[in-house]
Amino acid sequence: MIGNIIKKEFKELFTLSTLIPIVVIAIVFGFVGQTIGNIGERMEEKPVIGIVDMDDGAFSDIAMAVLIEKAEVIYNGNDAEEGLEEVREENGVALMVIPENFSQNIYANYPGEIEIYWIMKGAGMMDSISSGVVEGLIQAVNQGISSELIQQDSSFDPALVLAPTQRVETTFFKGKEIEGLSSSQLGNILSSQSIVIPVVVMMLIIMAGASVISSMGLEKENKTLETLLTLPVRRSHIVIGKIVGSALVGMIMAAIYMIGFSRYMSSFQISDINLADFGLALGMQDYLLIGISLFTALLAGLSLCIVLGTFAKNYRSAQTLVFPITALAMISMFITMFKDFDTIPAVLRILVFAIPFSHPMMAMRALMLDNYPLVIGGIAYTAVFTVIMIVVAVRIFNSDRLLTGSVQKRAVWGKLGWGLRR
Amino acid sequence: MKAVEVRELVKDYGNLRAINGISFEVNEGEIFGLIGPNGAGKTTALRVIATLLQITSGSVTVFGYEIPKEAGEVRKIISYLPEEAGAYKNLTGKEYLNFIAKFFGEGEKFQNIVQRGLEIGNLGERINDKVDTYSKGMTRRLLVGRALMVNPRLAILDEPTSGLDVVNAQEVRRIINSSVEAGVAVLLSSHNMLEVELLCHRIALINDGRIVASGTATELKKGYDAGNIEEVFVKAIK
């Protein structure tokens with residue numbers, strides 16, 4: 001008996017419509033993972049660096065030996081400008097300059113200064129792996145020098161033995177020269193600044209999207225759709241009304257969620273760096289662009305949801321249809337969190353750009369670095385996407401699909417303009 | 001002017017022909033009944049006239065407005081009550097009537113429409129309760145009120161008394177009759193032959209997407225030498 005019930009439940013739940021979204025998402029996630037690459041492998045890779053030794057003393061020799069052993073040195077000379085150019089061309093991580101008097105300072109019980117010029121390519125979590133490996137190299141240099149200091153003489157200041165070098169850092173990132181920050185520090189700042197927005201956008205899309213798809217499912221389940229469609233109101237007004245109504249519900253729900261989430265995030269806030277000091281602060285027009293980007297992405301998401309909602313047979317099937325939207329929002333969120341738009345492979349870049357929700361997720365970071373074309377291009381694309389989806393939705397509303405589940409081609413793709421007028 | 005003119009209407013769902021070239025007219029101020037068994041094509045015909053479905057071939061006009069070309073104009077003068085229709089469960093009955101009335105008028109006109117809906121629905125204090133708490137009969141009365149409160153020139157009623165008990169069904173029939181006295185044309189479908197005989201001025205018998213007979217109840221009974229419409233139907237489809 002119980003077997004009979006299990007069999008019935010399985011047959012009812014395990015349908016093609018529930019299976020396809022899962023399979024598609026599994027394939028997409030697998031593809032994304034493979035394309036982004038393996039963190040472990042990248043941690044083991046030797047970082048590509050350039051070295052300029054202007055000291056040529058005992059301790060700089062130790063530093064050089066460590067760096068040459070543990071890194072792939074593509075420039076080893078005396079000209080910092082030339083070295084920087086070489087590192088840039090070879091897609092390296094940093095140029096390390098050991099200035100004159102490095103060894104002499106250490107002998108005089110002062111930390112030796114190492115100038116590090118970071119070439120930062122992206123601000124995603126995965127983009128900082130190489131710089132993390134270089135940070136490890138510097139630790140190895142310190143250990144080598146400490147070991148030498150201990151062996152040579154016990155009169156060195158213990159503080160110097162523990163930290164024999166100090167860094168002077170400059171980071172080059174997307175045309176900006178930021179002094180006093182390493183690429184890791186800058187990456188952390190940008191990541192923490194841009195982690196909240198992807199989560200807000202994701203929650204907003206999922207909650208508002210679920211509202212609009214469920215609304216379609218409920219209209220069918222409660223048998224109210226037919227009445228609605230015979231009222232003297234344009235189909236486009238019904239579609240827009242549903243989108244705006246759901247956007248309001250979604251925004252209220254996302255706001256409630258974000259109150260809790262922002263409290264949670266603030267407990268991790270450790271950086272007291274003022275972004276304005278480094279030319280990374282956002283102005284009023286930047287915030288306006290972020291707002292527009294968020295609004296257009298929300299409309300795009302909801303217009304896509306309403307098209308999906310037309311496939312809902314009832315409230316339950318509507319819940320299944322939310323899944324593709326959730327997956328798209330999560331793909332956007334994870335990719336924009338872990339990788340910078342400029343450092344992901346071209347195929348993923350197209351995918352990320354094509355998903356409308358990605359644009360507000362990337363907007364804040366892009367605007368910090370004055371990448372206006374990406375943000376404005378994203379807004380334009382999202383607006384066009386929204387209009388196309390609304391036109392498709394209105395055409396479906398004018399067809400038999402909503403009531404019968406099938407479409408007469410002539411009705412949907414018939415005379416241009418007729419659909420929106422009605 | 002004819003309230004409805006249907007000429008050689010064909011409606012296909014993919015390979016399935018649901019309506020196969022039917023023609024009929026509904027006059028102003030009359031109740032016209034489409035009767036037939038389940039799956040005969042009654043609901044499809046009503047949905048086409050209510051501008052919900054596309055026409056495969058043939059023509060349909062409502063008070064001279066052509067469907068689908070002038071569907072927007074048609075929607076201003078019709079009211080459609082689907083079979084097994086529902087109302088928004090999170091709204092009260094009053095809120096539901098308000099929602100619908102706003103599409104048809106503002107100010108005093110809006111108030112009059114709602115007042116008429118309240119009178120037709122006759123749900124008393126329960127009109128302020130959520131629709132979710134209504135019985136099937138109460139929901140149907142609310143929906144009949146909704147359909148007729150807007151003073152449509154044509155009311156399209158699909159199985160208006162479906163699922164109702166005798167008392168509620170009789171009340172709904174009374175409401176339909178009084179609307180016709182006020183000038184509304186009614187096109188209704190039913191598989192309840194007795195109800196149609198009682199209510200309709202003229203009748204069309206539909207089977208397998210075709211109209212097999214039409215006329216007044218008296219004409220049909222006389223023509224088929226039958227005691228009631230049910231007998232007429234059985235003889236007509238033989």
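Predicted model: local features only at pLDDT ≥ 70, side-chain atom pairs only at ≥ 80, totals over all residues.
When neighbours within four places in sequence are left aside, the contacts of A:Ile344 are A:Ile335, A:Lys339, A:Arg349 and A:Val352. A separation of 22 Å was computed between the C-alpha atoms of A:Ile344 and A:Thr326, which are 18 residues apart along the chain.

Chain A is divided by the domain assignment into domain 1 (41–180) and domain 2 (193–421). Each domain contributes to the contact between them, with 11 residues from domain 1 of chain A and 11 residues from domain 2 of chain A. On the domain 1 side of this contact, the residues comprise 5 nonpolar, 2 polar and 4 charged.

The contact between chains A and B involves 18 residues from chain A and 22 residues from chain B. On the chain B side, helix H2 (71–77) and strand S6 (78–81) are the elements that give two or more residues. The greatest contribution to that side is made by H2(B), with 4 residues. In terms of class, the side of chain B that touches chain A consists of 12 nonpolar, 5 polar and 5 charged residues.

Chain B contains 9 helices and 10 strands. Its radius of gyration is 18 Å, close to the 18 Å given by the globule rule for 238 residues, so chain B is as compact as a globular protein of that length. The C-alpha trace of chain B extends over about 50 × 40 × 35 Å along the principal axes. Of the 238 residues in chain B, 45% are buried. Among contacts in chain B with a separation of 6 or more, 66% are between residues 24 or more positions apart.

Strand S8 (residues 185–190) of chain B is mostly covered, with 6 of its 6 residues buried. In a regular strand, side chains alternate between the two faces of the sheet. S8(B) pairs in the parallel sense with strand S3 (residues 31–35) of chain B over 5 bridges. Within this pairing, B:Phe32 has B:Leu187 as its bridge partner in S8(B). S8(B) also pairs with strand S7 (residues 154–158) of chain B, in the parallel sense and over 5 bridges. Here B:Ala155 is bridged to B:Val186 in S8(B).

The bridge partner of B:Leu34 in S9(B) is B:Ala204. S9(B) is in turn joined by 5 bridges to strand S10 (residues 210–215) of chain B, and these two strands run antiparallel. In this pair, B:Ile203 stands opposite B:Gly215 of S10(B). S9(B) and S10(B) form a hairpin with 2 residues between them, and B:Asp208 in the turn has a positive phi of about 50°.

A second hairpin is formed by strand S1 (residues 4–13) and strand S2 (residues 16–26) of chain B. The two strands pair in the antiparallel sense over 8 bridges, among them one in which B:Asp12 has B:Arg17 of S2(B) as its partner. The hairpin has 2 residues between the strands, and B:Gly14 takes a positive phi near 60°.

B:Thr133 lies in the loop of chain B between helix H4 (107–121) and helix H5 (136–149). This residue counts as exposed, because 12 C-beta neighbours are found inside 10 Å and the limit for an exposed residue is 12 or fewer. The C-alpha atoms of B:Thr133 and B:Arg75 are separated by 30 Å, and the two residues are 58 residues apart along the chain.

Terms used. Residues numbered from 1 in each chain as written. Chains lettered and ligands numbered in written order. Contact = placed C-beta atoms within 7 Å. Nonpolar A, V, L, I, M, F, W, Y, C, P; charged D, E, K, R; others polar. Buried ≥ 20, exposed ≤ 12 C-beta atoms within 10 Å, placed from the backbone. Pairing = 2+ DSSP bridges. Rg over C-alpha atoms; globule rule 2.2 N^0.38 Å. Domains from an automatic or database assignment.
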